Amino acid sequence: MEILRNIDINIFYFINKTCQNSFLDKVMPYITYIGGGIFVFTVAVLLLVNKDKRRRLTGILLMAGSTFIYYVVFEAIKKMVSRPRPFVTLANVHVLSKPESFSFPSAHSATVFMAAYLLSREFRKYDLLFYSLAILVALSRIYLGVHYPSDVLAGAFLGTFIGYILDRAVR
């Protein structure tokens, strides 16, 4: 277990410190916003006003899924695990944001990977774009100093899984 923890910390420092520069300091807070609930809700609302019934259904799934992720699954998991954020436990962390909740798992990563899964099912020719944005959001959470790599991997896995379950439940 100690080996995995060390790998997690080393990858964290590589992304958070070694990749640090003024351009990314300006861009990463905007990229991380894509994984937030407000952005995903906005995309969902835009799909809801679409005339295509299937696209409206995708919008409903995005809203339901992101609400479920934030207020049911992840708040419960975060409280059970109670993992402090990297900027709390590690020294010399490049911090651009200081959320007060716990670190594991990353709800931003979960939300954006759930959205990437659902949107790529609906708009297949843009799946590379959706997943590229999801990966950038996950990396931004590490760059900002608020998540370990294992937090974003767990979030990505859980978000994709929730997207899959929602998609299967209605199709």
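Exposed means over 50% relative accessible area, and partly exposed lies between that and the 20% below which a residue is buried. The model in these views is predicted.

**View A. Asparagine 92 in the loop between α5 and α6.** Asparagine 92 has a relative accessibility of 62%, so it counts as exposed. Its phi is positive, near 55 degrees, though the residue is not a glycine. Most residues other than glycine have a negative phi, and most peptide bonds are trans.

**View B. Serine 82 in the loop between α4 (53-81) and α5.** Here too phi is positive in a residue that is not a glycine, at about 50 degrees. Serine 82 is partly exposed, with 31% relative accessible area.

**View C. The cis peptide bond from phenylalanine 104 to proline 105.** Omega is near -10 degrees. Proline 105 sits in the loop between α5 (86-89) and α6.

**View D. Helix α2 (residues 22-33) against helix α7 (residues 127-143).** The axes come within 9 Å and cross at roughly 125 degrees. The two helices are therefore oblique to each other. Their crossing is left-handed. From α2, the contact uses Leu24, Asp25, Met28, Ile31 and Thr32; from α7, it uses Leu136, Val137, Ser140, Arg141 and Tyr143. These contact residues comprise 6 nonpolar, 2 polar and 2 charged.

**View E. Two sides of α2, buried and exposed.** Leu24, Met28, Ile31 and Thr32 of α2 are buried. They span an arc of only 90 degrees around the axis, so they lie on the same side of α2. The cover over the buried residues includes α6 (107-122) and α7. Ser22, Lys26 and Tyr30 are exposed on the other side of α2.

Conventions: Residues are numbered from 1 along each chain as its sequence is written. This is a predicted model: local features need pLDDT of at least 70, side-chain atom pairs count only at pLDDT 80 or more; totals for chains, interfaces and linings use all residues. Side-chain values use heavy atoms; hydrogens and water are left out. Axes are lines fitted to C-alpha atoms, for helices over the stretch in contact, and angles run from 0 to 180 degrees between N-to-C directions. Helices (H or I, at least four residues) and strands (E, at least two) are DSSP runs, numbered from the N terminus. Angles under 35 degrees count as roughly parallel, over 145 as roughly antiparallel, 65 to 115 as roughly perpendicular and the rest as oblique. A crossing is left-handed if the near helix is turned anticlockwise from the far one by less than a right angle, and right-handed if clockwise. Contact means heavy atoms within 4.5 Å. Ala, Val, Leu, Ile, Met, Phe, Trp, Tyr, Cys and Pro count as nonpolar, Asp, Glu, Lys and Arg as charged, and the others, Gly among them, as polar. Buried means under 20% relative accessible area, exposed over 50%, partly exposed in between (1.4 Å probe, protein chains only). The arc is that of the directions from the helix axis to the C-beta atoms.
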